[in-house]
Amino acid sequence: DACTKMAALSQGMECHARIIGNGFETDVVVGTALVYMYGKCGRLDDARTVFRKMPQRNVVSWNAMISTYSQNGHGTEALQLFRQLQMNGIEPNQITFITVLDACAGLGALEEGKESHARIIDSGIDSDVIVGTALVNMY
């Protein structure tokens, strides 16, 4: 598994170099894919660098970085980034909330989880099965 991860990282970094060379590094879709790739390989610094350099971000790119933090054991940073997402006027979606609830569960952050639960109800996505499963996991 470690060898597979290293091979994937090497290929991903090679692709990243080509992306830069061809001038696509400012594309939101390409940047988001790079954040996901670095996150899956456990390269938080690289994911963060790509995210910060993105001139424009959408909810998917924010979700990529929030999930990178959460999946790599950095739940506090995931929740901080979630707050920034909201301050930037980005409307969270189901994936955002699922990832935030996972971070809350990992941290034992019940109050933040309850706040997210209230937002989920306000957003009308509380009947989504996957969101409901994330809520059960968080509680």
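Buried here means under 20% relative accessible area, exposed over 50%, and partly exposed in between, with a 1.4 Å probe and protein chains only. The model is predicted, so local features need pLDDT of at least 70 and side-chain atom pairs count only at pLDDT 80 or more, while totals for chains, interfaces and linings use all residues. Residues are numbered from 1 along each chain as its sequence is written, and side-chain values use heavy atoms, with hydrogens and water left out.

**Stop 1: helix 4**

Please select residues 59-71, which form helix 4. Helices (H or I, at least four residues) are DSSP runs, numbered from the N terminus. Helix 4 has 13 residues and spans 18 Å between its first and last C-alpha, close to the 18 Å expected at 1.5 Å a residue; the expected span is 1.5 Å times one less than the number of residues.

Now colour V59, S61, W62, N63, A64, M65, I66, S67, T68, Y69 and S70, the buried residues of helix 4. With eleven of its 13 residues buried, helix 4 is largely enclosed by the rest of the structure. To see what covers these buried residues, show, among others, helix 2 (28-40), helix 3 (44-53), helix 5 (75-87) and helix 6 (94-107).

N58 caps the N-terminal end, with a side-chain oxygen 3.0 Å from the backbone nitrogen of V60. Just after helix 4, G73 has a positive phi of about 80°.

**Stop 2: T68**

Stay in helix 4 and centre on T68. T68 counts as buried, at 3% relative accessibility. Its side chain reaches the backbone oxygen of A64 at 2.8 Å, a polar contact (a pair of N or O atoms within 3.5 Å; within protein, one must be able to donate a hydrogen and the other to accept it, and residues adjacent in sequence count only if both atoms are side-chain atoms). Setting aside neighbours within four places in sequence, T68 is in contact with V35, G39, L44 and A47, where contact means heavy atoms within 4.5 Å.

**Stop 3**

Which residues of helix 3 are buried? Select L44, A47, V50 and F51. They cover an arc of only 130° around the axis, which puts them on the same side of helix 3; the arc is that of the directions from the helix axis to the C-beta atoms. Turn to the other side of helix 3 and you will find D45, R52 and K53 exposed.

Next, pick M54 in the loop between helix 3 and helix 4. M54 is buried, with a relative accessible area of 5%. Not counting residues up to four places away in sequence, M54 touches V28, G31, T32, V35 and S61.

**Stop 4: two aromatic pairs**

A search of the whole structure finds two aromatic pairs. Rings of Phe, Tyr and Trp (its six-membered ring) pair if their centres lie within 6.5 Å; planes under 30 degrees apart count as stacked, over 60 as edge-to-face and the rest as tilted.

Show F51 and W62, an edge-to-face pair with 5.2 Å from centre to centre and 80° between the planes. This pair links distant parts of the chain, with F51 in helix 3 and W62 in helix 4, eleven residues apart. Both F51 and W62 are buried.

Then move to F82 and F97, whose ring centres are 6.0 Å apart with planes at 65°, so this pair is edge-to-face. F82 lies in helix 5 and F97 in helix 6, so the pair ties together parts 15 residues apart in sequence. F82 is buried with a relative accessible area of 7%, and F97 counts as buried at 0%.

**Stop 5: salt bridges**

Side chains of opposite charge can pair when their charged atoms come close. How many salt bridges does a search of the whole structure find? The search finds five, a salt bridge being a side-chain nitrogen of Lys or Arg within 4 Å of a carboxyl oxygen of Asp or Glu.

- Select R18 and E14, whose closest N and O atoms are 3.0 Å apart. Both lie in helix 1 (residues 2-21), four residues apart, about one turn of the helix. R18 counts as exposed at 53% relative accessibility, whereas E14 counts as partly exposed at 42%.
- Go on to R119 and E91, which meet in a salt bridge at 3.6 Å, N to O. The pair links distant parts of the chain: R119 is in helix 7 (residues 110-123) and E91 in the loop between helix 5 and helix 6, 28 residues apart.
- Finish with K114 and E111, a salt bridge at 4.0 Å, N to O. Both lie in helix 7, three residues apart, about one turn of the helix.

Notes
Helix = DSSP H or I, 4+ residues; strand = E, 2+ residues; numbered from the N terminus.
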